[in-house]
Amino acid sequence: MPTSTAASGTGPIADAAPVSLCAREPHVPAERLVGEMVPPPRFDSVRFSTYIPDPNQPSQTEAVQVLEAFAGGLGAAHPTATAKRSFLGFGRAKAPKTPAGPRGVYLDGGYGVGKTHLLASLWHATPAEPALKAFGTFVELTNLVGALGFQKTVQTLSGHRLLCIDEFELDDPGDTVLVSTLLGKLVDAGVALAATSNTLPGKLGEGRFAAADFLREIQGLSAHFRSLRIDGEDYRHRGLPEAPAPFSDEQVTKSAYATPGASLDDFPHLLEHLARVHPSRYGALTDGIRAVCLTDVQPIPDQSTALRLVVLADRLYDREVPVLASGLPFDRLFSEEMLNGGYRKKYFRAISRLTALARDAKGLVDAD
C-alpha cells in the first residue's frame with residue numbers, strides 16, 4: 001500500500017501538522033461513562049418546540065403530543081424500591097406505589113424521521129435534575145454494564161427518573177437479554193423508560209415490524225411500553241442537495257492543515273487502529289476534534305471492521321464533527337452482502353449519518 005501524505009502526518013502546507021486519530025489511545029474511566037449519559041452535543045438544544053413535523057405525516061405531530069404528556073407525568077415523586085413501613089415502623093412493609101399506565105415509550109420508525117430529536121426532547125422536558133436522567137445508545141449502555149458490572153449498573157441507575165435508550169439493537173441476542181434483564185430491574189425500581197430503534201430496510205411500509213420485534217425481544221417488559229409509530233422520510237436528505245462527491249487527496253490534506261482542530265488520517269490505517277481501541281472509547285478518541293479528514297476511503301473489508309466504523313460514525317454524528325474525505329463515496333462503503341445481511345440497519349444508518357457529515361464538511365474546501 002502506498003504511503004499517503006495523510007499517513008505520514010507531514011506535508012509542505014503548514015508547519016503544524018493536524019492531529020492523527022491513529023496516534024490516540026484514550027483510556028476512559030467508568031465514572032466518565034456514567035457522567036456522559038446525557039444527550040450528545042448535537043441534541044443539546046433540541047426541544048419539542050424545535051421539532052418540525054412533516055405536514056404530510058400526522059404521526060409525527062401525534063408523537064410530540066404523546067411524549068410531552070409522558071414527560072409531564074414523570075414529575076411525581078420517584079417511587080422508591082425500598083418498601084415503606086406502616087405507622088411507627090411496625091407492621092408489614094408496603095409495596096411502593098408506581099404510576100398507573102405504561103412506564104415506557106418506544107419510538108418506532110425508519111431512518112432520519114427525528115426519533116433521536118424526540119428522545120432527547122423527552123429527556124430535556126422531564127422535570128428532574130440532569131443527574132436523575134440518563135441518555136445513551138444501546139451500545140453505550142452495554143459498555144456501561146461491562147465497565148461497572150451488572151449489579152453496580154442497577155444500583156447506579158435505579159435512582160433515576162428516566163432512562164432513554166437510543167438505537168436499541170435487536171440483532172445481538174446476548175446483549176438484548178442482558179439489557180432486557182437490566183431494564184426489568186430498573187422498572188421494578190420505578191425508573192421510566194424510553195427507547196428507539198430502526199425499522200429494517202426492506203421492511204419499511206410493513207406497519208409495526210420493528211415494534212413487534214422490539215416488544216418480542218424484551219419479552220416480559222412489553223406491557224410497560226407504549227409504541228409510537230413515526231412515519232416519514234429521512235430528514236437528512238429531505239429537500240437537501242446530494243452529498244458532495246469525494247475530494248482529491250490533495251484537497252483533503254490541504255483543508256486539514258488549514259482547519260484548526262482537524263485530524264488527518266489514511267482511511268485504511270484508521271480502520272486498523274479502530275481494531276485496537278474499544279468502541280466505548282471512540283467518543284474520547286474524537287475529543288477536541290473539529291473536523292475529521294480522511295484520504296483513500298476504500299470498501300470495508302469485513303463485518304467486524306464495518307461494525308466498528310458504524311460506532312465511530314455515530315460518535316462523530318453525535319458530536320457534529322464534519323467528515324471530509326477522498327476516495328470512495330460513503331454510499332459505497334458497504335458491500336451488497338452487508339447491506340442485505342442482519343446488520344443492514346446499522347450500515348444504512350452509518351451511510352445516512354456520514355453523508356450528512358460529508359455535506360457539513362463541504363465548506364472546508366470551499367473556504368480554501
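This is a dialogue about how to read a predicted model of one protein chain.

Colleague: What should I know about the model before I start?

Modeller: The model is predicted, so local features need pLDDT of at least 70 and side-chain atom pairs count only at pLDDT 80 or more, while totals for chains, interfaces and linings use all residues. Residues are numbered from 1 along each chain as its sequence is written, and side-chain values use heavy atoms, with hydrogens and water left out.

Colleague: How many helices and strands does the chain have, and what share of its residues is buried?

Modeller: Helices (H or I, at least four residues) and strands (E, at least two) are DSSP runs numbered from the N terminus, and here they come to 14 helices and 8 strands. Buried means under 20% relative accessible area, exposed over 50%, and partly exposed in between, with a 1.4 Å probe and protein chains only; of the 368 residues, 51% count as buried.

Colleague: Which residues have the most contacts inside the largest nonpolar core?

Modeller: In soluble globular proteins, nonpolar side chains tend to be buried together. A nonpolar core is a set of buried Ala, Val, Leu, Ile, Met, Phe, Trp, Tyr and Cys residues joined through side-chain atoms within 4.5 Å. The largest one here has 63 residues, and L118, L122, I300, L333 and F334 have the most contacts inside it. Its largest share, 8 residues, comes from helix α12 (residues 303-318), and a second, separate core of 24 residues includes L33, M37, L157 and L183.

Colleague: At what angle do helices α10 and α12 pack?

Modeller: Axes are lines fitted to C-alpha atoms, for helices over the stretch in contact, and angles run from 0 to 180 degrees between N-to-C directions. Helix α10 (residues 267-274) and α12 pack at about 95°, with their axes 10 Å apart, which makes α10 roughly perpendicular to α12, a label for angles of 65 to 115 degrees, whereas under 35 counts as roughly parallel, over 145 as roughly antiparallel and the rest as oblique. Contact means heavy atoms within 4.5 Å, and F267, L270, L271 and L274 in α10 meet T305, R308, L309 and L312 in α12.

Colleague: Is F135 buried or exposed, and where does F135 lie?

Modeller: F135 lies in strand β2 (residues 133-137) and is buried, because its relative accessible area is 3%. Leaving aside neighbours within four places in sequence, F135 is in contact with residues including M37, W123 and C164.
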